[in-house]
Amino acid sequence: MTKWDDFEAFCHVAEQSGFTKAAKVAGVSKSSLSAAIARLEENLNFRLLERSTRAVRLTEAGRFLYSSINPLFDRLRDARDETMSYS
(Lines give C-alpha, C1' and ligand atoms only; values in the text may rest on other atoms or scores of the structure.)
Protein backbone atom coordinates (compact mmCIF):
# COMPACT_ATOMS: atom_id res chain seq x y z
CA MET A 1 0.00 0.00 0.00
CA THR A 2 1.37 3.38 -0.99
CA LYS A 3 1.58 5.97 1.78
CA TRP A 4 1.03 9.69 1.30
CA ASP A 5 4.33 10.26 3.09
CA ASP A 6 6.11 8.41 0.28
CA PHE A 7 4.61 10.79 -2.27
CA GLU A 8 5.66 13.77 -0.16
CA ALA A 9 9.18 12.34 0.16
CA PHE A 10 9.28 12.03 -3.62
CA CYS A 11 8.27 15.69 -3.98
CA HIS A 12 11.08 16.76 -1.63
CA VAL A 13 13.67 14.77 -3.59
CA ALA A 14 12.35 16.10 -6.90
CA GLU A 15 12.40 19.71 -5.66
CA GLN A 16 15.92 19.47 -4.25
CA SER A 17 17.32 17.25 -7.05
CA GLY A 18 18.91 15.01 -4.47
CA PHE A 19 18.55 13.12 -1.24
CA THR A 20 20.92 15.12 0.98
CA LYS A 21 19.24 18.49 0.50
CA ALA A 22 15.79 16.90 0.53
CA ALA A 23 16.52 15.19 3.84
CA LYS A 24 17.52 18.52 5.40
CA VAL A 25 14.39 20.25 4.10
CA ALA A 26 12.12 17.41 5.22
CA GLY A 27 13.89 16.97 8.56
CA VAL A 28 14.45 13.25 8.03
CA SER A 29 17.38 10.98 7.23
CA LYS A 30 18.59 10.27 3.71
CA SER A 31 17.98 6.58 4.31
CA SER A 32 14.32 7.15 5.20
CA LEU A 33 13.85 9.19 2.01
CA SER A 34 15.56 6.51 -0.02
CA ALA A 35 13.34 3.84 1.52
CA ALA A 36 10.23 5.91 0.79
CA ILE A 37 11.22 6.35 -2.86
CA ALA A 38 12.00 2.64 -3.18
CA ARG A 39 8.56 1.75 -1.73
CA LEU A 40 6.83 4.20 -4.03
CA GLU A 41 8.63 2.94 -7.13
CA GLU A 42 7.87 -0.65 -6.15
CA ASN A 43 4.19 0.08 -5.55
CA LEU A 44 3.84 2.03 -8.80
CA ASN A 45 5.94 -0.52 -10.67
CA PHE A 46 8.10 2.05 -12.48
CA ARG A 47 11.17 4.19 -11.85
CA LEU A 48 10.66 7.78 -10.81
CA LEU A 49 14.29 8.81 -10.49
CA GLU A 50 17.50 8.25 -12.39
CA ARG A 51 20.26 8.10 -9.80
CA SER A 52 23.98 8.58 -10.32
CA THR A 53 26.78 9.30 -7.91
CA ARG A 54 26.51 13.02 -8.70
CA ALA A 55 22.88 13.70 -9.47
CA VAL A 56 19.29 12.62 -9.19
CA ARG A 57 17.03 13.32 -12.15
CA LEU A 58 13.38 12.64 -12.72
CA THR A 59 12.39 10.07 -15.30
CA GLU A 60 9.61 10.98 -17.71
CA ALA A 61 7.14 9.21 -15.41
CA GLY A 62 8.68 11.03 -12.44
CA ARG A 63 8.23 14.42 -14.11
CA PHE A 64 4.60 13.64 -14.85
CA LEU A 65 3.91 12.41 -11.31
CA TYR A 66 5.65 15.39 -9.73
CA SER A 67 3.77 17.91 -11.85
CA SER A 68 0.51 16.16 -10.95
CA ILE A 69 0.92 15.78 -7.20
CA ASN A 70 3.09 18.70 -6.13
CA PRO A 71 0.24 21.23 -6.39
CA LEU A 72 -1.78 19.00 -4.06
CA PHE A 73 0.93 19.03 -1.40
CA ASP A 74 1.37 22.79 -1.82
CA ARG A 75 -2.35 23.24 -1.20
CA LEU A 76 -2.26 20.90 1.83
CA ARG A 77 0.59 22.93 3.34
CA ASP A 78 -1.32 26.16 2.68
CA ALA A 79 -4.45 24.72 4.28
CA ARG A 80 -2.44 23.62 7.33
CA ASP A 81 -0.89 27.07 7.68
CA GLU A 82 -4.24 28.83 7.25
CA THR A 83 -5.87 26.55 9.80
CA MET A 84 -3.12 27.26 12.31
CA SER A 85 -4.00 30.95 12.15
CA TYR A 86 -7.33 30.12 13.85
CA SER A 87 -5.66 29.11 17.11
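His12, Val13 and Gln16 of helix H1 meet Phe19, Lys21, Ala22, Val25 and Ala26 of helix H2, where contact means heavy atoms within 4.5 Å. Sorted by class, this H1 contact with H2 holds five nonpolar, two polar and one charged residues; here Ala, Val, Leu, Ile, Met, Phe, Trp, Tyr, Cys and Pro count as nonpolar, Asp, Glu, Lys and Arg as charged, and the others, Gly among them, as polar. The model is a predicted one, with local features needing pLDDT of at least 70 and side-chain atom pairs counting only at pLDDT 80 or more, while totals for chains, interfaces and linings use all residues. Residues are numbered from 1 along each chain as its sequence is written, and side-chain values use heavy atoms, with hydrogens and water left out.

Now for the overall layout. The protein chain has four helices and two strands, and from the N terminus on its elements run α-α-α-β-β-α. Helices (H or I, at least four residues) and strands (E, at least two) are DSSP runs, numbered from the N terminus. Taken along the principal axes, the C-alpha atoms fill a box of roughly 45 × 25 × 20 Å. Of the 87 residues in the protein chain, 33% are buried; buried means under 20% relative accessible area, exposed over 50%, and partly exposed in between (1.4 Å probe, protein chains only). The accessible surface comes to about 6000 Å², and carbon and sulfur atoms account for 54% of that surface. Accessible areas come from the Shrake-Rupley method with a 1.4 Å probe, and for residues only the protein chains shown count as cover. As for contacts with a separation of 6 or more, 49% of them join residues 24 or more positions apart.

Next comes the helix packing. Two packed helices are described by the angle between their axes and the distance between the axes. Axes are lines fitted to C-alpha atoms, for helices over the stretch in contact, and angles run from 0 to 180 degrees between N-to-C directions. Angles under 35 degrees count as roughly parallel, over 145 as roughly antiparallel, 65 to 115 as roughly perpendicular and the rest as oblique. H1 (residues 4-16) and H2 (residues 19-26) pack at about 125 degrees with their axes 8 Å apart, so the two are oblique to each other.

From H1 the contact draws on Trp4, Phe7, Glu8, Phe10, Cys11, His12, Ala14 and Glu15, and from H4 on Gly62, Leu65, Tyr66, Ile69, Asn70, Phe73 and Arg77. By class, the contact of H1 with H4 comes out at nine nonpolar, three polar and three charged residues.

His12, in helix H1, is buried at 12% relative accessible area. Not counting residues up to four places away in sequence, His12 touches Ala22, Val25, Ala26 and Arg77. Ala26 lies in helix H2 and counts as partly exposed, at 30% relative accessibility. Ala26 and Val13 are 13 residues apart along the chain, and their C-alpha atoms are separated by 9.3 Å.

In the loops, Ser17 sits between H1 and H2 and has a positive phi of about 55 degrees although it is not a glycine. At 47% relative accessibility, Ser17 is partly exposed. Asn45, in the loop between H3 and strand S1 (49-51), is another non-glycine with a positive phi, here about 70 degrees. Asn45 is exposed, its relative accessible area being 69%.

Thr59 occupies the loop between strand S2 (56-58) and helix H4 (60-84) and is buried, with a relative accessible area of 12%. Leaving aside neighbours within four places in sequence, Thr59 is in contact with Arg47, Leu48, Leu49 and Glu50.
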